[in-house]
Amino acid sequence: MSFVSYYEDIEIGEREEIGSHTFTAEEIKRFAREYDPQSFHVDEAAAARSHFRGLIASGWHTGSVWMGLAVRHRDKVAAARRARGEPVAELGPSPGFRELKWLKPVYAGDTITYSAEVVDKRCSASKPRWGIVRYRNTGANQKGELV
């Protein structure tokens, strides 16, 4: 449970599932109308005529769902550790993302399971008491395909 572990306890290769979400047509359209109003996100008939052949979630929508699940997962794990009397590490700000990719469309009805894997860790050059942990965050649909 590296999301709330101390730097020295985190192992490269650790992987944890942070949650799943099913994308409904109404939710896809609602998000897209507000943030990414392209036809294949907001209009089912237009989406059917597009190269996607159906309504798909905005990549920004899938990323937003990941963020919500990640924060709720982290908070749930931290609360459970506190309830057992275990210490919880103080977390700092994120240095950002690298290589954000949308590999496959997420269609209405797809359930995406999100996971995080520790791929690197190093001591901070500018803040000697801090460590930087890099994760590979992924989402896979119900067929096991990375999206």
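Trainee: In which helix is W60 found?

Mentor: This is a predicted model in which local features need pLDDT of at least 70, side-chain atom pairs count only at pLDDT 80 or more, and totals for chains, interfaces and linings use all residues. Residues are numbered from 1 along each chain as its sequence is written, and side-chain values use heavy atoms, with hydrogens and water left out. Helices are DSSP runs of H or I with at least four residues, strands are runs of E with at least two, and both are numbered from the N terminus. The helix that holds W60 spans residues 59-83 and is α4.

Trainee: Is W60 buried or exposed?

Mentor: Buried means under 20% relative accessible area, exposed means over 50%, and partly exposed lies in between (1.4 Å probe, protein chains only). The relative accessibility of W60 is 51%, so this residue counts as exposed.

Trainee: What is the area of the nonpolar surface patch that includes W60?

Mentor: A patch takes residues with over 30% relative accessible area and no salt bridge, joining like charges within 9 Å and nonpolar side chains (Val, Leu, Ile, Met, Phe, Trp, Tyr) within 5 Å. A salt bridge is a side-chain nitrogen of Lys or Arg within 4 Å of a carboxyl oxygen of Asp or Glu. Areas follow the Shrake-Rupley method with a 1.4 Å probe, and for residues only the protein chains shown count as cover. W60, L100 and W102 make this patch, with an area of about 370 Å².

Trainee: Which elements cover the buried residues of α1?

Mentor: In α1 (residues 25-35), the buried residues are E27, I28, K29, F31 and A32. Their cover includes β1 (15-22), α2 (39-42), α3 (44-49) and α4.

Trainee: Which residues does R122 touch, not counting those up to four places away in sequence?

Mentor: R122 lies in strand β2 and, with a relative accessible area of 42%, is partly exposed. Its C-alpha atom is separated by 6.6 Å from that of V133, 11 residues apart along the chain. With contact meaning heavy atoms within 4.5 Å, R122 touches Y7, G131 and I132.
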